[in-house]
Amino acid sequence: MAKRRLVQRNTEAEAGLWGNAGLALLKGVAGWLTGSTALLADAFRSGAEAAQCGAAAIGVRGAKRLPRREAEPGGDDGAVQASNLVVALLTLVVGIEIGISAVRHTAEGLPAAPQWPALAVIAAAWAIKAAFFSVGGGRLETYALAVVLAGTAGAWLGGRLGQPSLLYLDSAAAFFVAVLVTLQGYRLIAAAMPGGKPAGLPRTDEAELRETVQGVEGVIAVPTIRAREQGHYVAVAAAISVNPRITVLEGQEIAKRVKDQVFKRFTHVTDVQVQVDPYDPGYPYKSNHDPNQEHMPTLLQ
């Protein structure tokens, strides 16, 4: 199941990479030809999303190449962490540059109204993104495209009706996109820094993860569990405590159950690593060194 999940995530990440890159090119050319500042800003946002999908593809490929390891809740692959940090910095810089460009465009005087083909390109990009690939963006994609469409349409309508005040809506939409991209870059940087809280799961989902693992038969305790982001996907590392009297094979079976349950419950999880440790042999378990003890059946029997 894990290998199939990795193959699926790699396909989705590559689709997001090339799809967002194609949309960035389409929006950029259309924004330049139609004079839409908002569409140009959205082209840079799509380019930043393409870079994020590229980092996700690197993470998935690295997970497929590396041998299986014991779970290290604080660990991360160096190449993946470095690529995520570079992409995060790039996203932040792009957001700041978009904002500066939007402010400069407004300060230069009354902007020209964008041409109507810009509206068609925005609508087509929205439809293409929704129909063919969904990696990256989420609600951010919806908000950005809605604002870009509204700003461009308002500025175009202002040119048609002779309302100069409406012409500034295009630049205002570009500035809004800049704010969204900058916040996204900041979030990615916070997640990519060593010791940073992973951004792949909402805060409440970590408790749900622990509850899911704790509910697997044979798991006595979950001392540590952590979700870490790999691009747009999430890898889970958990340490579980089991009955110290069971065999190694039985412990591995419990670990397999944990992985299957997490994959089933959290569809956005790419990889699950489980470290199996014996539970404290004190109460309610008797000492393993007392030869007079009666045989205690395992939890799997």
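## Basis and overall architecture

A nonpolar core is a set of buried Ala, Val, Leu, Ile, Met, Phe, Trp, Tyr and Cys residues joined through side-chain atoms within 4.5 Å. Buried denotes under 20% relative accessible area, exposed over 50%, and partly exposed the range in between (1.4 Å probe, protein chains only). The model described here is predicted, so local features need pLDDT of at least 70 and side-chain atom pairs count only at pLDDT 80 or more, while totals for chains, interfaces and linings use all residues. Residues are numbered from 1 along each chain as its sequence is written, and side-chain values use heavy atoms, with hydrogens and water left out.

The protein contains eight helices and three strands; these are DSSP runs (helices H or I, at least four residues; strands E, at least two), numbered from the N terminus. Along the sequence they follow the pattern α-α-α-α-α-α-α-β-β-α-β. Of the 301 residues, 44% count as buried. Among contacts (heavy atoms within 4.5 Å) between residues at least 6 apart in sequence, 74% join residues at least 24 apart.

## Nonpolar cores

The largest nonpolar core has 22 residues, and those with the most contacts inside it are Val236, Ile240, Val258 and Val262. Two or more residues each come from helix H7 (203-214), strand E1 (221-230), strand E2 (233-242), helix H8 (248-265) and strand E3 (269-278). Within this part of the structure, valine 258 touches Val213, Val216, Val219, Ile240 and Val274, not counting residues up to four places away in sequence.

A second, separate core comprises 17 residues, including Ala30, Leu39, Val94 and Ala102. In soluble globular proteins, nonpolar side chains tend to be buried together.

## Salt bridges

The structure holds seven salt bridges, each defined as a side-chain nitrogen of Lys or Arg within 4 Å of a carboxyl oxygen of Asp or Glu. One of them joins the side chains of glutamate 49 and arginine 45, at 2.7 Å from N to O. These two residues lie four positions apart in helix H2 (residues 37-65) and are therefore separated by about one helical turn. Both glutamate 49 and arginine 45 are buried. Lys27, Asp42, Arg45 and Glu49 are linked in a network of salt bridges.

Arginine 257 takes part in two of the pairings described here. Its side chain meets that of glutamate 217 in a salt bridge of 3.8 Å, N to O. This pair links distant parts of the chain, with arginine 257 in helix H8 and glutamate 217 in the loop between H7 and E1, 40 residues apart. Arginine 257 is partly exposed, with a relative accessible area of 29%, and glutamate 217 is exposed at 53%. Arginine 257 also forms a salt bridge with glutamate 253, where the closest N and O atoms are 3.8 Å apart. Because glutamate 253 and arginine 257 are four residues apart in helix H8, about one helical turn separates them. Glutamate 253 is partly exposed, at 35% relative accessibility.

## The surroundings of threonine 152

Threonine 152 is found in helix H5 (residues 139-161) and is buried, with a relative accessible area of 0%. Its side chain makes a polar contact with the side chain of aspartate 170 at 3.4 Å. A polar contact is a pair of N or O atoms within 3.5 Å; within protein, one must be able to donate a hydrogen and the other to accept it, and residues adjacent in sequence count only if both atoms are side-chain atoms. Leaving aside neighbours within four places in sequence, threonine 152 is in contact with Ser36, Ala38, Pro114, Ala118, Leu119, Ile122 and Asp170.

## Surface features

The protein exposes about 15500 Å², of which carbon and sulfur atoms supply 62%. Accessible areas come from the Shrake-Rupley method with a 1.4 Å probe; for residues, only the protein chains shown count as cover. Leu25, Val29, Trp32 and Leu33 make a nonpolar surface patch of about 510 Å². Patches consist of residues with over 30% relative accessible area and no salt bridge, with like charges joined within 9 Å and nonpolar side chains (Val, Leu, Ile, Met, Phe, Trp, Tyr) within 5 Å. Valine 29 lies in helix H1 (residues 2-34) and is partly exposed, at 43% relative accessibility.

Leucine 183, in helix H6 (residues 169-192), is exposed at 52% relative accessibility. Leucine 183 and glycine 95 are 88 residues apart in sequence and 8.1 Å apart in space, C-alpha to C-alpha.
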